[in-house]
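Subject: Structure for your review

Dear colleague,

Please find the structure below, together with its sequence. A short account of the findings follows it.

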Amino acid sequence: MNGMRLAATAGRVLRQLSHDPRSIALMLVAPSLLVGLFAWLFSDNDGVFDRFGGPILALFPFVVMFLITSITTLRERRSGTLERLMTTPLGKADFILGYALAFGLMATLQAVVTVTFAVWVCGLEVAGEVWQLGLVAVVDALLGTALGLLASAFARTEFQAVQFMPVLVFPQIILGGLFMPRDQMPDVLHAISDWLPLSYAIDAVAAVAAGDDGWDLYRPLLIVVAFAVGSLVLASLTLRRRTP
Amino acid sequence: MMNNSVAVRVRGLRVRRGRTEVFDGLDVDIAAGAITGLLGPSGCGKTTLMRSIVGVQKVAGGTVTVLGHAAGSAALRRRVAYDTQAASVYADLTVRQNLRYFSRLIGAPASDIDRVLDAVGLRDQAGQIVGSLSGGQGSRVSLAVAMLGTPDLIVLDEPTVGLDPLLRAELWEVFRGVADTGATLLVSSHVMDEALRCDRLLLMRAGRLVADTTPAALLEETGAPDPDAAFLALIQREEAA
């Protein structure tokens, strides 16, 4: 690993983004619009937004970052620039972490904007601290980035990459505890949900919403971080200098 | 001078892509400090050979030794530059931003950027987004990246495809200038008239080396008036044998 080449790569990815203001605007604003829509939908039902608003806040940045990251890195694989990079001293981990750093930064901005909007505009109320909600949103967006990087390794085309969304993301949403508390699920599904990172992301949000602090909050959060780190390690291991 | 030093030595190279065998035991030497033209019809294995030399091709067997090291080894990543067939630069960055990124990766001095911009004649377009340039300008950006940091071996896959004759002539002068500094160039092309600008020629067909010669020897030996006819004559001779 080399800090300078990693930083150069992260800077290059951000510079590419800076030439695409529409994408930046979508990235920062889209989750807020969805949260706003959700809040409006339940504006006449007291307490519903407070119950689902948190998990939604964890979900949207995750999904958006997953899509953006998997498409962008796939574009790099397909355009020939990755092949060229693999002939330079750039390490595989530098490449993956450069992307993770750049998109992680965007994810953080996105989470701050979305949480701010949800709390101060939509009136989301949580028993815990607002910054904890932001922290969970950032970690979830990072998880989306890491999984997106990993998923792009297994996609040959943009079309396939988009198809990974329903395969990798939707089951996690369905089994994550948003629609039904996980301990009420059929045993097999409960067991599966124990292995899905998004379940812990939703647990962490629930902890903030309920005002639980300490281990109740940081245990699921650390599990999400572990999944993200594991995905990044796997992503750099599956990156190949030599291709068929 | 060229005969006694070899920059790239390929022995018994076997490459399979899908079910087709691209190479089944290919032997090639590439002379150091010279421009070697790699010619042949499209699909004959030019790109696969170049990918094997820069170390991004998965090979099934054989050895590829580049500047004394196994192809693709870490020691070579600053000394070997590769320009892929499609302009492998970032279309959503400016010309200068592209060059700055790649120069930071290989640790080339910042002054290199202006040097390569001048070499490919893109100084005036330095601030433009690559995607807004013409196709020919885009491939020149990609070529400029390959020239950063004065590498010892530059592998260029069809660098002049789609360029007008004037620009092609200019670029070949750039290649000559780079070779004069002692670098080795391997340039592929399917335009036979570019063969005359090389020091050495490798003619390939269907994954096999048809000839390893010089432009003058090729014309003399076949008695053909131009490289196109010479290539045809070689193939006919081989099929008759």
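Please note that this is a predicted model. The largest nonpolar core comprises 148 residues, and those with the most contacts inside it are Ala201(A), Ala144(B) and Val155(B). Helix H3 of chain A, residues 48-79, contributes the most to this core, giving 13 residues. As a general remark, nonpolar side chains in soluble globular proteins tend to be buried together.

For Ala201(A), leaving aside residues up to four places away in sequence, the residues touched are Ala58(A), Phe62(A), Val136(A), Asp140(A), Leu143(A) and Val224(A).

Turning to the contact between the chains, 22 residues of chain A and 24 residues of chain B take part. On the side of chain A that touches chain B, helix H1 (3-18) and helix H4 (81-85) of chain A are the elements that give two or more residues. The largest share of that side, six residues, is supplied by H1(A). By type, the residues on that side of chain A are six nonpolar, eight polar and eight charged.

As for chain B, its secondary structure consists of seven helices and 10 strands. The C-alpha atoms of chain B occupy a box of roughly 55 × 40 × 40 Å along the principal axes. Its radius of gyration is 18 Å, which agrees with the value near 18 Å for a compact globule of 241 residues. Of the 241 residues in chain B, 46% are buried. Among contacts in chain B between residues at least 6 apart in sequence, 68% link residues at least 24 apart.

With kind regards

Note on methods. Residues are numbered from 1 along each chain as its sequence is written. Chains are lettered from A and ligands numbered from 1 in the order in which they are written. This is a predicted model: local features need pLDDT of at least 70, side-chain atom pairs count only at pLDDT 80 or more; totals for chains, interfaces and linings use all residues. Two residues are in contact if their C-beta atoms, placed from the backbone, lie within 7 Å. Helices (H or I, at least four residues) and strands (E, at least two) are DSSP runs, numbered from the N terminus. Ala, Val, Leu, Ile, Met, Phe, Trp, Tyr, Cys and Pro count as nonpolar, Asp, Glu, Lys and Arg as charged, and the others, Gly among them, as polar. A nonpolar core is a set of buried Ala, Val, Leu, Ile, Met, Phe, Trp, Tyr and Cys residues joined through C-beta atoms within 7 Å. A residue is buried if 20 or more other C-beta atoms lie within 10 Å of its own, exposed if 12 or fewer, and partly exposed in between; C-beta atoms are placed from the backbone. The radius of gyration is taken over C-alpha atoms; the globule rule is 2.2 Å times the number of residues to the power 0.38.
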